[in-house]
Amino acid sequence: MGKVVMYSSVSVDGFIADENDQPGPLFDWLTSGDVPLDESGFVKVSQTSYAYIRPYWDEIGVTIAGRHVFDLTDGWDGKPPSGIDHVVVVTHRPAPEGWDAEAPFHFVDGVEAAVAKAQELAGDRTVEVAAGDVGGQVLAAGLVDEVRMDVVPVVFGSGKRFFGSVHAQHLLADPDVVIQSNRVLHLRYQVRR
């Protein structure tokens, strides 16, 4: 079974979006380089970021996201982002009316069921959990193996927190990856159990 990784770009003060769900400059590093990160040609990063991010993206088999993110992105038009095979959406509601049942999206009630479904679909590949409320719930349930952050040099002051509404202490190991790149600091932590 693959590992479960909580991941997102994040402000220095711990936010993944502002109060209006806008990421502001959090993704600027994804368009500030000259090395294409995917086939779109739009996402271009520094060589340093490419060397770290591209292998990670290649490991991901499934992404878990909440219904809020699914709705904000209009379900990525039925195509999982960044070439990922499947998206598991944590929701108490059914798929949207008229949703293509053949699209590789799976609507699941609860984070434990979402992780189980994602691991089934991913096999030995990585299960990525979007940071925020759902990511925080997966962490609180003890199901996250690793936390990855792309820390961007901006302070939001308020907004949507990286760890959502986690209210208990969770220890992480010392970072085993610290990479400074163009307008971003890539960090990786193993979750202590």
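Arg148 is buried, because its relative accessibility is 3%, where buried means under 20% relative accessible area, exposed over 50% and partly exposed in between, with a 1.4 Å probe and protein chains only. The model is predicted: local features need pLDDT of at least 70, side-chain atom pairs count only at pLDDT 80 or more, and totals for chains, interfaces and linings use all residues. Residues are numbered from 1 along each chain as its sequence is written, and side-chain values use heavy atoms, with hydrogens and water left out.

The side chain of Arg148 meets that of Glu146 in a salt bridge, at 2.9 Å from N to O. A salt bridge here is a side-chain nitrogen of Lys or Arg within 4 Å of a carboxyl oxygen of Asp or Glu. Glu146 also counts as buried, because its relative accessibility is 2%.

E9 spans residues 146-152, and seven of its seven residues are buried. Helices (H or I, at least four residues) and strands (E, at least two) are DSSP runs, numbered from the N terminus.

E9 has strand partners as well; two strands pair if DSSP finds at least two bridges between them. With E1, the pairing of E9 is parallel and runs over seven bridges. Val152 in E9 is the bridge partner of Ser11. With strand E12 (residues 184-190), E9 pairs in the antiparallel sense over six bridges. Here Val151 has Leu185 in E12 as its bridge partner.

The buried residues of H4 pack against E1, strand E5 (60-66), E6, H3 and E8. In H4 (residues 133-140), Val134, Gly135, Gly136, Val138 and Leu139 are buried. After H4 comes Gly142, with a positive phi near 75°.

Another helix, H1 (residues 47-59), holds Ser49. Ser49 is buried, because its relative accessibility is 1%. Leaving aside residues up to four places away in sequence, Ser49 touches Trp29, Arg54, Ser181, Val184 and His186, a contact being heavy atoms within 4.5 Å.

The count of salt bridges comes to eleven. One of them joins Asp85 and Arg125, with the closest N and O atoms 2.7 Å apart. Asp85 is partly exposed, with a relative accessible area of 39%. Arg125 counts as partly exposed too, at 28% relative accessibility.

The salt bridge between the side chains of Glu120 and Lys117 has an N to O distance of 3.6 Å. Both residues lie in helix H3, three residues apart, which is about one turn of the helix. Glu120 is exposed, with a relative accessible area of 59%, whereas Lys117 is partly exposed at 26%.

Aromatic rings give a further set of links. A pair of aromatic rings is described by the distance of the centres and the angle of the planes. Rings of Phe, Tyr and Trp (its six-membered ring) pair if their centres lie within 6.5 Å; planes under 30 degrees apart count as stacked, over 60 as edge-to-face and the rest as tilted. The structure holds eight aromatic pairs. In one of them, the ring centres of Phe70 and Trp99 are 5.1 Å apart and the planes are at 70°, so the pair is edge-to-face. Phe70 lies in helix H2 (residues 67-72) and Trp99 in the loop between strand E6 (86-90) and strand E7 (105-108), so the pair ties together parts 29 residues apart in sequence. Phe70 is buried, with a relative accessible area of 2%, whereas Trp99 is partly exposed at 22%.

Phe70 forms an edge-to-face pair with Phe105 as well, at 5.9 Å centre to centre and 65° between the planes. Because Phe70 lies in H2 and Phe105 in E7, this pair ties together parts that are 35 residues apart in sequence. Both Phe70 and Phe105 are buried. Phe70, Trp99 and Phe105 form one aromatic cluster with Trp76 and Phe107.
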